[in-house]
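Please keep the sequence and the coordinates at hand while reading.

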Amino acid sequence: MAVTIFDKILAGDIPCQKIYEDEFVLAFRDVNPQAPTHALVIPKKRVERFQEYKAADPIDVGQFFNRVAKVASELGLEKRGYRIVINNGADGQQSVEYLHAHILGGRQLAWPPG
Ligand code: AMP
């Protein structure tokens with residue numbers, strides 16, 4: 001697996017604006033925010049694409065989504081709501097081959113996505 005920018009952030013080789021960290025995930029601000037609040041959550045156990053979760057331990061999957069919900073809560077997004085986005089593969093416009101959930105909030109988001 002090629003080293004990605006998120007591997008480097010996780011290793012501490014590249015700085016990030018950290019929001020939350022525990023033994024399972026790291027959450028940090030997106031460097032190019034698409035909403036007033038735009039966070040990224042990555043699992044510490046490296047997964048390249050979301051589709052790998054079909055064969056993953058459900059506990060790992062559950063922990064990841066539990067932490068996504070926790071980070072959104074800590075960002076104060078629960079009252080007004082927010083969107084979770086996982087871009088997967090080429091058609092999904094995934095640009096970093098390290099699974100990450102985007103949390104977007106702080107404004108009325110449009111639908112459908114492009
Ligand atoms: P995706 O297109 O779903 O793969 O999303 C990758 C995201 O990573 C984009 O929203 C980028 O703005 C974001 N990103 C790239 N490099 C960094 C970085 N060094 N720190 C924080 N976010 C980054």
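By class, the shell around the ligand holds 7 nonpolar, 7 polar and 2 charged residues; here Ala, Val, Leu, Ile, Met, Phe, Trp, Tyr, Cys and Pro count as nonpolar, Asp, Glu, Lys and Arg as charged, and the others, Gly among them, as polar. The model is predicted: local features need pLDDT of at least 70, side-chain atom pairs count only at pLDDT 80 or more, and totals for chains, interfaces and linings use all residues. Residues are numbered from 1 along each chain as its sequence is written, and side-chain values use heavy atoms, with hydrogens and water left out.

**Ligand shell**

- Of the 16 residues around the ligand, D30, N87, S95, H100 and H102 come nearest; a residue is near a molecule if one of its heavy atoms lies within 4 Å of it.
- Both α1 (5–11) and β2 (25–29) supply at least two residues of this shell, and the largest share, 3 residues, comes from α1.
- These elements are DSSP runs numbered from the N terminus, where helices are H or I with at least four residues and strands are E with at least two.

**Ligand contacts and site**

- A nitrogen atom of the ligand is 3.2 Å from a polar backbone atom of V31.
- The protein covers 82% of the 500 Å² of accessible area that the ligand has on its own; the areas come from the Shrake-Rupley method with a 1.4 Å probe, and for residues only the protein chains shown count as cover.
- The ligand sits in the largest pocket, in that more than half of its atoms lie within 2 Å of the pocket's grid points.
- On a 1 Å grid over the protein atoms alone, a pocket is an open set of points with protein on both sides within 12 Å along at least five of seven lines.

**Loop between β4 and β5**

- G92 lies in the loop between β4 (82–85) and β5 (101–105) and counts as partly exposed because its relative accessibility is 25%; buried means under 20%, exposed over 50%, and partly exposed in between, with a 1.4 Å probe and protein chains only.
- The C-alpha atoms of G92 and D13, 79 residues apart along the chain, are separated by 28 Å.
- Q93, also placed in the loop between β4 and β5, counts as exposed at 67% relative accessibility.
- Phi of Q93 is near 60°, a positive value in a residue other than glycine.
- Q94 is found in the loop between β4 and β5 and is buried, with a relative accessible area of 10%.
- A polar atom of the Q94 side chain lies 2.9 Å from the backbone oxygen of V96.

**Segment after β5**

- R107 lies in the segment after β5 and is partly exposed at 39% relative accessibility.
- The C-alpha atoms of R107 and P36, 71 residues apart along the chain, are separated by 6.7 Å.
- P112 also lies in the segment after β5, and a cis peptide bond with omega of about 5° joins W111 and P112.
- Most residues other than glycine have a negative phi, and most peptide bonds are trans.

**Loop between β1 and β2**

- D22 is found in the loop between β1 (18–21) and β2 and is buried, with a relative accessible area of 12%.
- The side chains of D22 and Y20 are joined by a polar contact of 2.7 Å.
- A polar contact is a pair of N or O atoms within 3.5 Å; within protein, one must be able to donate a hydrogen and the other to accept it, and residues adjacent in sequence count only if both atoms are side-chain atoms.

Key
On a 1 Å grid over the protein atoms alone, a cavity is a set of points where a 1.4 Å probe fits but cannot get out, and a pocket is an open set with protein on both sides within 12 Å along at least five of seven lines; lining residues have an atom within 4 Å of a point.
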